[in-house]
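Me: I'm new to this one. Can we go through what the labels rest on?

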Amino acid sequence: MPQKETAGDKTMESIISLCKRRGFIFQGSEIYGGLAGTWDYGPLGVALKNNIKKLWWKRFVDDRDDMYGVDAAILMNQKTWEASGHVGGFADPLVECSKCKHRFRADQLDTEATAKKKCPDCGGKLGETKSFNMMFKTHVGAGEDTASVSYLRPETAQGMFVNFKNIVDSFHPKLPFGLAQIGKAFRNEIAPRDFLFRAREFEQMEIEYFICPPKDAKDSEWKKTFDDFVGEMKAFMADVGLDARKVHELEVPDGERAHYSKRTIDFEFDWPFGRKELYGLAYRTDFDLKQHSDFSKVDLSYFDEDGKERFIPHCIEPSFGLDRTVLAVLCDAYHEDDMGSEEGKDGKKEKRVFLKLSPSVAPYKVAVFPLLKNKPELVKKAKEVFEMIKKELAVKGINGVTFDDNGNIGKRYRRQDEIGTPYCVTIDFDTLEKDAGVTVRDRDTGKQERVAEGELVTYLMQKL
Ligand code: ATP
């Protein structure tokens with residue numbers, strides 16, 4: 001039975017199609033029919049993703065004195081995952097249809113399908129619910145025995161816990177301090193869906209922030225750190241330009257939190273397909289360091305020079321999905337309007353599609369054009385202006401200036417609007433003859449301003 005199409009489906013379809021058309025994101029292994037739950041980033045997608053990573057690293061590592069960056073291996077000793085609880089419990093409930101053999105997550109079926117045990121795709125009978133471990137299992141080396149088993153990490157977090165002692169021994173940090181990491185994670189999701197939202201291979205940006213354990217039940221110092229991170233996570237969402245009105249904090253109630261967490265807040269986003277998790281913030285107590293101490297037999301306690309005492313620190317974990325950030329930014333930025341609309345083949349006016357990306361994440365910040373492509377003097381001047389802007393903005397740490405002389409000027413504006421370039425600079429005959437400056441066009445309003453060549457970089461700097 002086909003699912004009813006919603007407005008959300010249409011928006012997602014338009015976003016996915018724009019991503020493919022304009023070289024942001026492609027289906028993984030597309031020429032072979034794809035591989036469910038995998039996505040390949042093209043040049044503009046990589047630029048967008050890298051801009052997000054840079055903003056994250058700047059806010060959470062470079063601008064702080066209490067953070068240590070790490071980049072741990074994806075393959076880890078199998079004991080890591082026994083200690084973390086993933087071997088025993090990282091599972092989702094799976095049901096299979098006896099007729100069409102489609103598989104579903106039992107906890108994501110609608111109430112009718114659950115009550116009647118009826119397949120939502122073909123109406124066939126659903127089988128018993130089984131537990132399905134989501135880790136990708138592999139073997140390290142030539143042997144295929146149990147000793148060689150390893151897993152593609154399902155989260156980056158454990159790579160930081162197992163390096164806690166290395167950082168303490170080499171940097172001697174004082175508590176509180178954190179480890180931060182950006183890297184790939186893999187989950188064999190039963191039902192990958194909603195584009196980048198639920199993939200089988202994705203990237204995370206995570207922090208394990210270590211604090212002193214509470215002295216007694218009334219000691220609520222950890223709450224302050226937790227609240228500080230709530231503020232920092234919101235500030236990061238503003239850095240990437242997300243509309244704060246679309247983000248909602250959900251206090252995860254007792255009984256629904258992960259086994260290690262004493263408090264969890266999920267930051268949910270209003271996606272075109274509903275309100276669902278974007279990021280998580282959890283107070284993991286001393287669970288992980290204790291487990292790794294027990295399983296590895298290596299002492300992971302910390303000696304506090306001030307209080308002259310030894311203890312296992314507690315940990316607060318802000319966890320960000322990088323691909324979910326890319327998707328949230330794209331969903332938030334996707335707009336259609338009637339500006340400069342042209343008639344399509346069927347005689348109907350085509351809408352302008354544009355990405356209202358924040359300049360902080362836009363793949364290109366500025367595009368430079370000659371008004372006409374077949375006038376060498378215009379092209380020459382436009383190239384000079386392009387080189388000048390590119391060089392001077394790079395000195396100020398701003399990259400992403402592009403040159404475009406394909407098609408007519410209207411088409412170029414449309415193309416740049418579609419990929420979210422905030423400013424287009426056009427060189428025309430007046431620029432050459434009257435030294436009348438250049439035209440700078442604003443993506444969102446379409447307004448054009450004449451700016452003197454000598455003031456162009458300062459003008460753009462103020463806007464970006
Ligand atoms: P969900 O409930 O949506 O499956 P989760 O609570 O299992 O997510 P965490 O284990 O807390 O997610 O992972 C931290 C972050 O990693 C999430 O907030 C999300 O941004 C991202 N993430 C988790 N699973 C996926 C996935 N399958 N695809 C893309 N990003 C993901």
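This is a predicted model: local features need pLDDT of at least 70, side-chain atom pairs count only at pLDDT 80 or more; totals for chains, interfaces and linings use all residues.

Reply: Residues are numbered from 1 along each chain as its sequence is written, and side-chain values use heavy atoms, leaving out hydrogens and water.

Me: Why are H11 and H14 called oblique to each other?

Reply: The axes of H11 (residues 376-395) and H14 (residues 456-463) cross at roughly 50°. Under 35 degrees would be roughly parallel, over 145 roughly antiparallel and 65 to 115 roughly perpendicular, with the rest oblique, so this pair is oblique.

Me: What makes Lys-53 and Glu-203 a salt bridge?

Reply: Their side chains meet at 3.2 Å, N to O. The cut-off is a Lys or Arg side-chain nitrogen within 4 Å of a carboxyl oxygen of Asp or Glu, so the pair qualifies. Lys-53 sits in helix H2 and Glu-203 in strand S11, so the bridge ties together parts 150 residues apart in sequence.

Me: Why does Lys-53 count as partly exposed?

Reply: Its relative accessibility is 22%. Buried means under 20% relative accessible area, exposed over 50%, and partly exposed in between (1.4 Å probe, protein chains only), so Lys-53 is partly exposed.

Me: And what makes Glu-203 buried?

Reply: Glu-203 has a relative accessible area of 7%, so it is buried.

Notes
Axes are lines fitted to C-alpha atoms, for helices over the stretch in contact, and angles run from 0 to 180 degrees between N-to-C directions. Helices (H or I, at least four residues) and strands (E, at least two) are DSSP runs, numbered from the N terminus.
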